[in-house]
Amino acid sequence: MSRIQSVFATLKAQGKKALIPYITAGDPHPDQTVPLLHALVEAGADMIELGVPFSDPMADGPVIQRASERALVHKMGLRKVLAMVKAFRATNQTTPIVLMGYANPIEAMGSTQFVALAKEAGVDGVLTVDYPPEECEVFNQELAGADIDSIFLLSPTTEPSRTELIVKQATGFLYYVSLKGVTGAANLDIVEVKKRVAEIRQQTSLPIGVGFGVKDAATAREVAAIADAVVVGSRMVLAIESANADNLIANVQTLTKELRTAIDSV
Amino acid sequence: MQVYDMPDERGHFGPFGGVFVAETLVEALEELRVMYEKYRHDPEFLAEFAYDLKHFVGRPSPIYHAKRLSEKVGGAQIYLKREDLNHTGAHKINNTIGQALLAKRMGKPRVIAETGAGQHGVATATIAARLGLECVVYMGAEDVKRQAPNVFRMKLLGATVVPVESGSKTLKDALNEAMRDWVTNISNTFYIIGTVAGPHPYPMMVRDFQAVIGIEAKDQMQEMIGRQPDAIVACVGGGSNAMGIFYPYIDVEGVRLIGVEAGGHGLSTGQHAAPLTANSPIGVLHGNRTYLMQDEDGNIIETHSISAGLDYPGVGPEHAWLKDIKRAEYVAITDEEAMTAFHNLCRTEGIIPAMESSHALAHAEKLARTMSPDQVVLVNLSGRGDKDINTVARLANITL
């Protein structure tokens, strides 16, 4: 059983839902990423999405784009991100790490080399935003060969026939994008999300995470009632952005604990 | 003879092209692909497009024999395909009319566009005004400063111009922002991409709408000189004017196709926008796989060109393919060389060319010198230079 599967299995047995915070590697400074990862786990994260900074993050809103820009000031590339995962793994063998990013940094490294290095570093899943399943068959096989999960997005506009194609290639969990827009956009429509998640469940037994519009504890609670996992990205990055060096960890932990409590209250 | 038939049904030109977008955009692109397939051979749609090209744009654009320039250069005869004489002053209008007519048929009341030099933004705002569509144009904040007259033109035409402050504040960032708008407003919005880049079907669709340039040129050259030119030269940023004139000539033997990229301060300085000529690595950006200017981590690097319309780190995937199969050649022209060619055309022919097109002119001069007077070089004069007079004046330390 992979680390991701085992987290979902354990939570299910406890009747709980997963909290998956997102942070961008290297934001606000590369030295703070590994301490932040540990702090998130300590405050209640079940899994972490670690963003690979990219110069042109087309699917992201302004908040996560700014995080990428802050990280890139420090020349934060994919190799360094993998080194951070490795450093995190030195003392944490249980919390899954999912890398989230864009295709070009992976292609620049070469997908075969990336998969080998990701495996060695202890990466559990990879979500490549601009790799729809039709364009990444070889990469997907390489990931499968290394027992790394391929996480795919489903959107409000994804037709059932396409969902069928995607769930065949997806492993670990599915990430349902809760609104039409970029990360951190307007408020999500919980009734619509509920309907769509129920439809997706008829096509797959994979756990379903929901993200892209979870702005506070109240939304997190609503989403937790429907989905298997709640992904919180832009709101988490805002907590990092608004902090200074002294209260960075405390800020992020306060938010994570609030979200944890909300999710567990379902 | 082999018949060129690209791209494949998923938009691949060999290893290039494709649909590299987030899942949130996939259905919108599929809808567009299906609708374009439906209308691209529809006689009624094509007749409406042809009508607008004739009566609204003023097509066919003439071909002009630049005799004094040819004499001054010494060598081959230089002919100009006068896209600068189109309504709005550049080739961009051909494509925006095609896409706007498609938007109308798809029932989308709102169009958005990205723009670099502003020509595509103006062309989009123009057709939006004519068809009564709401229009929002994204433009890098840096380009808004460089191209103030075009910004004002768009506003006069009723468009909203949004300056983009992220990243390098140029064309690529405007494209990112337009994509974000599209993904958020998919149900009522049509994204009019201005070049032969982006995800499928854009590179093919924009090429098809621009192919009128090459189709006309074939007839016109036959009529003027009784044969086809020995070489065709066009500037390449994303590459839409070049694709438009190259495409009908791909299967015509004996015609060299030469794309001219922006060499900026020179390829050795790294400050340019010439991914094909500089042998940049292959990568994925803006929905397609192509040659891309990037650093070792795969982040896109900032480009430089005197011409905002060529200031783009990638290039249309079909150009990448034509380079690989050696059907087209690609070269670079520096800012300085383009400026010299700009002045040459002004003084010898009474035509003020766009700074983009001046890159093609500069290479055509070099090439013509190596050829004999009975040979012919056809240059795609993609736009007029009125929009660039501030840039030219500033470089000469003149305040207008």
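Visitor: Is Glu177(B) buried or partly exposed?

Guide: First, the ground rules: this is a predicted model, in which local features need pLDDT of at least 70 and side-chain atom pairs count only at pLDDT 80 or more, while totals for chains, interfaces and linings use all residues. Residues are numbered from 1 along each chain as its sequence is written, chains are lettered from A and ligands numbered from 1 in the order in which they are written, and side-chain values use heavy atoms, with hydrogens and water left out. Buried means under 20% relative accessible area, exposed over 50%, and partly exposed in between (1.4 Å probe, protein chains only). Glu177(B) has 24% relative accessibility, so it counts as partly exposed.

Visitor: With which residue does Glu177(B) form a salt bridge?

Guide: A salt bridge is a side-chain nitrogen of Lys or Arg within 4 Å of a carboxyl oxygen of Asp or Glu. The partner of Glu177(B) is Arg180(B), with 2.7 Å between the closest N and O atoms. Helices (H or I, at least four residues) and strands (E, at least two) are DSSP runs, numbered from the N terminus. Both residues belong to helix 8 (residues 171-184) of chain B, three residues apart, about one turn of the helix. Arg180(B) is buried, at a relative accessible area of 5%.

Visitor: How far apart in sequence are the parts that Glu329(B) and Arg256(B) tie together?

Guide: Their side chains meet in a salt bridge at 2.7 Å, N to O. Glu329(B) is in strand 13 (residues 328-334) of chain B and Arg256(B) in strand 10 (residues 256-264) of chain B, so the pair ties together parts 73 residues apart in sequence. Glu329(B) is partly exposed at 32% relative accessibility, and Arg256(B) is partly exposed at 39%.

Visitor: How many salt bridges cross the interface of chain A and chain B?

Guide: The rule finds three there, and 41 in the whole structure over all chains. One pair joins Glu23(B) and Arg162(A) at 2.5 Å, N to O. This pair crosses from helix 1 (residues 23-39) of chain B to helix 8 of chain A. Both Glu23(B) and Arg162(A) are buried. Asp56(A) also forms a salt bridge with Lys172(B), at 2.9 Å between the closest N and O atoms.

Visitor: What is the area buried between chain A and chain B?

Guide: Buried area is the accessible area (1.4 Å probe) that two parts lose on being put together, summed over both. Here the figure is about 2,900 Å², of which carbon and sulfur atoms give 49%. Contact means heavy atoms within 4.5 Å, and 38 residues of chain A are in contact with 32 residues of chain B.

Visitor: Which residues of helix 6 of chain A are buried?

Guide: In helix 6 (residues 111-121) of chain A, the buried residues are Phe114(A), Val115(A), Ala118(A) and Ala121(A). They cover an arc of only 130 degrees around the axis, which puts them on the same side of the helix; the arc is that of the directions from the helix axis to the C-beta atoms. The face turned away from that buried side carries the exposed Thr112(A) and Glu120(A). Helix 5 and helix 7 (137-145) of chain A are among the elements that cover the buried residues. Gly122(A) follows helix 6 of chain A and has a positive phi, near 95 degrees.
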